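Here is a quick tour of a protein model, from the whole chain down to one helix pair. Have a look at it first.

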Amino acid sequence: MLYLYLFGHLSVANGEGAAATAEVELAGRPGSLLAYLALARGRFFARGELLSALWPDQSEGGSIRCLNTVLWRLRKALAKPPLAQSEIVVCDRRGAIGLPVDARVQLDVDEFSRLVTPALSRPLEQLDSAHVDALRRGVALYRNDILAGFTDDWALRARELHRRTLLNALGRLMQLSALAQDYPRAIGYGQDILDRDALREDVHRELMRLFVLNGQRARALQQFETCRASLRKELAIEPMRETLTLYQRIADSAVRRATEPLVATEPTSSWLALPADHVFATPEGRLTLRELVGRAHWYAAQADARLTESGQEPAPRPPA
């Protein structure tokens with residue numbers, strides 16, 4: 001049984017787990033042909049279809065000869081040790097080429113889809129612990145974006161499709177962890193999303209809320225700074241009104257809590273114990289707690305000014 005790894009660099013191993021042989025990387029045109037057929041497992045393609053998809057710039061006569069050579073090289077690589085598998089890439093009676101459904105091959109992308117699809121296709125309230133476990137195991141299989149190094153259009157489309165599926169799976173795990181009040185784990189999933197897409201402003205907002213729920217208001221304010229820096233650097237825009245309003249609410253809450261007298265019998269939180277001149281690291285340098293809160297008020301005032309100029313009503317502010 002061959003195990004085909006498409007996450008990361010394309011490679012093949014004979015067997016799986018502890019019994020597997022060392023992974024053999026397949027590069028060049030044989031690797032492209034195998035990856036293309038694997039992603040469309042069960043479909044058979046006429047040679048002309050494969051040529052148009054894989055090597056559209058070559059003349060037809062030369063491409064047919066090239067494809068036959070690539071097919072021969074691929075079969076030879078799969079048949080020799082340590083893989084020692086034949087009848088993986090076959091031709092049907094019409095001469096079309098494909099990777100049969102019943103071929104002795106397992107794909108990591110197929111296993112990934114099998115694990116995460118059920119949980120992504122059901123409403124949140126219908127998920128149980130088995131779905132959560134499957135999501136976690138599926139996410140663990142995603143060691144990197146698929147087909148690293150491939151720049152063909154078909155590979156880029158497949159990469160984006162699986163990347164979106166991963167982000168959806170991480171988002172669902174973040175939601176489930178938050179509902180279970182496992183805020184540190186929910187925060188970790190949110191950060192995993194932003195590691196792959198730093199411009200997801202909705203995830204930045206959710207992380208701000210999760211930090212507050214986890215008793216880390218300073219981290220919530222820092223998360224806004226990270227969001228604002230990313231949007232400004234990549235898109236030259238400011239955060240949305242919804243993000244600014246949330247930031248203002250967290251900052252106002254911080255000010256109220258920092259100025260409230262402490263009751264001797266009430267446990268002191270790490271936030272209340274911070275002095276106003278406590279320093280935090282932000283994307284724009286080191287800022288004190290007082291400066292972070294001041295920035296929150298300034299950003300909210302700027303957002304209100306822009307809304308007023310455009311004829312919209314500013315968002316109501318929470319009471320001080």
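## Ground rules

This is a predicted model: local features need pLDDT of at least 70, side-chain atom pairs count only at pLDDT 80 or more, and totals for chains, interfaces and linings use all residues. Residues are numbered from 1 along each chain as its sequence is written, and side-chain values use heavy atoms, leaving out hydrogens and water.

## The whole chain

The protein chain has eleven helices and nine strands, taken as DSSP runs (helices H or I, at least four residues; strands E, at least two) and numbered from the N terminus. Of its 320 residues, 43% count as buried, meaning under 20% relative accessible area with a 1.4 Å probe, protein chains only.

## The open sheet

Four strands line up as β3-β2-β1-β7 in an open sheet with mixed pairing; two strands pair if DSSP finds at least two bridges between them. β3 (24–25) and β7 (105–107) sit at the edges with a single partner strand each, so one side of each has no neighbour in the sheet.

β1 (residues 2–5) pairs with β7 in the parallel sense over three bridges, and Tyr-3 has Gln-106 in β7 as its bridge partner.

## A helix pair

α5 (residues 129–141) packs on α6 (residues 153–179) at about 140°, with axes 10 Å apart; the axes are lines fitted to C-alpha atoms over the stretch in contact, and angles run from 0 to 180 degrees between N-to-C directions. The contact (heavy atoms within 4.5 Å) includes Val-132 and Leu-135 of α5 and Leu-166 and Ala-169 of α6.

How values were computed. Buried < 20%, exposed > 50% of the residue type's maximum accessible area, 1.4 Å probe, protein only.
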